[in-house]
Amino acid sequence: MVESKKTGPIFSNPTGNESKPVQNLSDDIRKGLTTAAIKRAIRESLFYLQARFPAVATRNDYYLALAYAVRDRLLHRWLRAAQTYYEKASRTVCYLSAEFLLGPQLNNNLINLGIQDQVRQAVKEMGLDLDGLLEQEEEPGLGNGGLGRLAACYMDSLATLEIPTIGYGIRYEFGIFDQEIRDGWQVEVTDKWLQLGNPWEIPRPEIAINVKFGGHTEAFNDGQSNYRVQWTPDRVVKGIAYDTPLVGYKVNTANFLRLWKAEACESFDFQSFNIGDYYGAVDEKVFSENITKVLYPNDEPAAGKQLRLEQQYFFVSCALQDMIRIYLQREKTLDNFHIKYAVQLNDTHPSIAVAELMRLLVDEHLMGWDQAWEITRKTFAYTNHTLLPEALEKWPLRLFGRLLPRHLEIIYEINRRFLDEVRLSDPDDEGRVARLSMIDETGERYIRMAHLACVGSHTINGVAKLHTELLKQDVLRDFYELRPEKFYNITNGVTPRRFLVLSNPRLTQLITSRIGDGWIKNLDELKRLEPLADDTDFRAEWRQVKHEVKCDLASQIRERVGIMVDPHSMFDIQVKRIHEYKRQHLNVLHIITLFNRIKKDPDMEIIPRTFVFGGKAAPGYYMAKLIIKWINSVAEVINNDPDVRDRLKVVFFPDLNVKNGQRIYPAADLSEQISTAGKEASGTGNMKFALNGALTIGTLDGANIEIREEVGSDQFFLFGLTAEEVFNLKANAYNPGEYYQSNHSLREAIDLIHSGFFSREDTKLFEPLIHSLLYRDEYMVFADYQSYIECQDKVSQAYRNQEEWSKMSILTVSRMGKFSSDRSIREYCEKIWRVEPVHIQLE
């Protein structure tokens with residue numbers, strides 16, 4: 001670099017030509033948004049950060065160079081936002097989540113910065129292809145599904161709405177596994193998302209937090225006769241911060257996600273090494289780093305349970321200590337901690353935060369219990385995401401006490417005081433006391449983490465109207481009756497920037513050509529599309545866009561699984577986590593029913609369909625993995641049957657993640673949202689499909705109800721029992737065998753499976769699945785089968801009239817404004833967090 005008296009620093013150009021002096025901000029190599037500035041920035045990054053010259057640079061080198069160039073523009077906004085928040089002491093949202101399923105960042109950042117066209121032109125002038133560079137990016141697998149993706153959508157909306165925010169989570173070295181399909185079975189493969197580098201994160205080794213585990217506690221009185229407790233741990237792990245800036249859509253606000261990596265306080269023991277104990281020399285390093293090694297270890301064995309609890313406490317403790325560190329940069333006491341921070345617990349995983357903040361305030365900062373509890377209770381809000389009892393985390397008391405002895409004491413004390421209040425309100429109902437207690441005394445004693453979150457939070461919210469009502473009526477009924485004013489509903493949403501603008505540029509361009517681009521930030525503006533549903537030319541353009549997107553997915557399917565599918569067929573798609581309550585097996589029973597119809601009458605007229613499945617099964621969930629095998633086995637038979645003649649195709653698209661979801665959602669004609677009513681908290685896949693013009697077949701479950709209310713019943717194919725009917729049927733000794741015996745089509749389908757027809761004559765392979773359906777059927781597959789088949793026949797009839805189907809698709813999209821995550825975040829800000837936007841002005 002040389003210094004110019006007139007222009008200041010001039011950077012050397014790796015091509016040999018000197019860069020032109022910076023004339024204004026638009027040309028600035030670090031901040032400029034013009035094509036010329038971006039092209040210079042890519043070259044500088046390639047040379048100075050990648051240490052490459054063009055002749056030997058790989059595609060990954062160029063991807064990293066581009067990513068670093070874009071990151072510079074994020075940093076400009078992030079640092080300005082951080083400075084503004086500091087100067088104004090802005091109230092800040094802290095979003096605690098065990099998962100953040102961000103998806104690829106490059107294209108999202110280009111869209112939010114408004115520089116997609118400039119970057120495409122810049123790389124084209126350099127002889128590169130932007131799509132190829134985008135494909136190079138590894139996806140951070142820091143989540144399992146809807147929970148982590150929701151957190152990512154909310155971070156996008158928080159920045160777009162200019163809300164000061166820090167997201168806190170775990171920097172898993174290996175994320176959710178990559179899924180391969182071998183002989184029809186799911187095989188889990190290590191997700192090495194960091195192996196080629198992560199240009200978006202900024203390591204902060206100076207931000208190191210000590211986290212204690214194990215050991216014992218000692219009570220004592222200090223010199224002022226105050227009761228104090230000293231926790232002496234067995235071991236201490238160090239948490240290192242890694243920051244990822246997240247910019248909002250066409251605003252100057254960039255918030256950040258702070259993820260924690262576990263390290264040993266002392267990573268190498270020279271004494272052990274010198275006596276030849278080479279493994280022992282690094283034992284502490286291995287032991288500590290295991291905490292953030294992998295997302296969601298299998299918690300069937302005791303060691304897995306302990307590791308999962310360690311993960312949750314580790315990131316929560318790091319987050320709270322970090323928040324206190326930041327707060328004390330300006331303040332002398334923690335008296336107004338709850339005024340500075342609004343902390344959201346994203347499900348029960350971070351609920352240990354209630355006990356940890358009490359420990360930090362009482363033990364570390366010597367605050368009195370009553371004041372500490374008041375601050376704690378005013379700091380936290382709790383989002384419940386599930387109606388499944390097994391997902392409401394409970395920890396064995398012995399494990400919890402061994403790992404977190406001080407927290408167990410604190411929980412005992414919180415529980416004692418809380419139950420005293422309960423007894424005052426209803427002294428004669430000890431059954432209610434037992435149900436509300438944070439300690440489950442039935443059988444092996446457990447800590448009920450959801451109860452801790454409910455007691456320690458000022459607000460509890462569900463994530464769809466039905467979900468919230470079921471929380472009040474069932475899962476958290478006693479808490480609701482005790483404190484009804486604490487309960488709110490905030491229906492989930494998705495960010496239109498990623499799940500329409502980025503995922504479906506063709507549809508984005510068509511919509512914007514008719515109503516402008518204001519809808520990207522205000523999704524309610526899609527309502528202006530509604531009159532166009534009656535426009536014949538517009539419907540034709542709409543169909544053309546859908547066909548082109550389906551052609552793209554057909555190419556991906558051929559490349560990934562080697563199956564040829566017809567883009568003119570109906571794309572009937574169900575992609576989501578594999579679980580019995582989501583009822584992928586009900587979908588397969590419909591496919592087999594269609595297959596049986598064809599076998600009886602090979603010349604029958606039938607609407608051609610391509611059935612696409614996708615999703616991962618938890619490694620320890622055998623039945624879900626068997627369902628994947630079943631789908632692939634059915635696909636193998638049907639796709640090769642000469643009578644079918646390609647009128648039915650079945651595809652399992654492997655390794656569902658954000659990137660693959662972006663390819664799949666836009667291509668769907670029909671969205672399968674068929675979970676058992678009363679089991680899905682909300683769902684967001686239903687929103688992503690509908691936002692891209694798919695019509696929905698579904699039950700009255702989760703957010704399906706609200707989607708149907710918004711788009712209209714004529715645009716929604718409804719079937720199945722309601723949540724109340726499910727409850728009543730189970731209460732009246734539901735017998736799935738009766739449905740099997742009385743329904744000829746169902747019996748044919750089940751008998752065909754049992755015969756070994758789809759398992760190469762192995763009659764034992766799918767026996768666990770059949771046995772579960774025939775004798776238990778917990779998720780009412782048989783009860784809903786006939787209604788589902790009849791509804792699918794209505795779908796086929798509707799699809800014959802493509803003009804009417806297109807109209808229904810346009811109306812669906814035009815009425816999806818409610819389901820933007822921007823609306824959800826506005827509601828959180830108004831109802832729960834009481835936080836205002838902070839406008840950021842760039843220098």
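## Cysteines, cavities and helices

Cys94 is buried, its relative accessible area being 0%, where buried means under 20% relative accessible area, exposed means over 50% and partly exposed lies in between, all with a 1.4 Å probe and protein chains only. The model is a predicted one, in which local features need pLDDT of at least 70 and side-chain atom pairs count only at pLDDT 80 or more, whereas totals for chains, interfaces and linings use all residues. Residues are numbered from 1 along each chain as its sequence is written, and side-chain values use heavy atoms, with hydrogens and water left out.

Cys153 likewise counts as buried, at 1% relative accessibility. How many disulfides does the structure hold? The number is 0, a disulfide being a pair of cysteine sulfur atoms within 2.5 Å. For Cys94, the closest cysteine sulfur is that of Cys829, 13 Å away and therefore too far for a bond. For Cys153, the closest cysteine sulfur is again in Cys829, at 16 Å, which is also too far for a bond.

### Enclosed and open spaces

Rolling a probe the size of a water molecule over the atoms shows where empty space is left. The search uses a 1 Å grid over the protein atoms alone: a cavity is a set of points where a 1.4 Å probe fits but cannot get out, a pocket is an open set with protein on both sides within 12 Å along at least five of seven lines, and lining residues have an atom within 4 Å of a point. Grid points are joined across faces, edges and corners, and a volume is the space filled by probe spheres set on the points. Over the whole structure, 6 cavities of 30 Å³ or more are found.

The table sets out volumes and lining classes, with Ala, Val, Leu, Ile, Met, Phe, Trp, Tyr, Cys and Pro counted as nonpolar, Asp, Glu, Lys and Arg as charged, and the others, Gly among them, as polar.

| Space | Volume | Lining classes |
|---|---|---|
| Largest cavity | about 170 Å³ | 10 nonpolar, 6 polar, 3 charged residues |
| Second largest cavity | about 110 Å³ | 5 nonpolar, 5 polar, 3 charged residues |
| Second largest pocket | about 1,300 Å³ | 14 nonpolar, 13 polar, 14 charged residues |

The largest cavity has a volume of about 170 Å³, and of the 19 residues that line it, Glu138, Pro140, Trp193, Asn198 and Trp200 are the closest to its centre. At least two residues of this lining come from each of helix 2 (59-88) and strand 10 (235-247); helices (H or I, at least four residues) and strands (E, at least two) are DSSP runs, numbered from the N terminus.

Around the second largest cavity there are 13 lining residues, with Gln105, Asn108, Ala152, Asp156 and Leu246 nearest its centre. Two or more residues of that lining are given by each of helix 3 (106-113), helix 6 (146-160) and strand 10, and helix 6 gives the most, with 4 residues.

The second largest pocket holds about 1,300 Å³ of space, and of its 41 lining residues the closest to the centre are Asn107, Asp131, Leu502, Ser503 and Pro505. Elements that give two or more residues to this lining include helix 3, helix 20 (496-502) and helix 21 (505-515), while the largest share, 6 residues, comes from helix 22.

Helix 33 (residues 802-814) has 13 residues, which at 1.5 Å a residue should span 18 Å, and its end C-alpha atoms are 18 Å apart, in agreement; the expected span is 1.5 Å times one less than the number of residues. Among the buried residues of helix 33 are Trp805, Met808, Ile810, Leu811 and Val813. At its N-terminal end, helix 33 is capped by Asn801, a side-chain oxygen of which lies 3.3 Å from the backbone nitrogen of Glu803.

Ser317, in helix 10 (residues 302-327), counts as buried at 0% relative accessibility. The side chain of Ser317 makes a polar contact with the side chain of Glu356 at 2.8 Å, a polar contact being a pair of N or O atoms within 3.5 Å, where, within protein, one must be able to donate a hydrogen and the other to accept it, and residues adjacent in sequence count only if both atoms are side-chain atoms.

Gln544 belongs to helix 22 (residues 536-561) and is partly exposed, with a relative accessible area of 41%. Glu364, placed in helix 12 (residues 353-364), is also partly exposed, at 40% relative accessible area.
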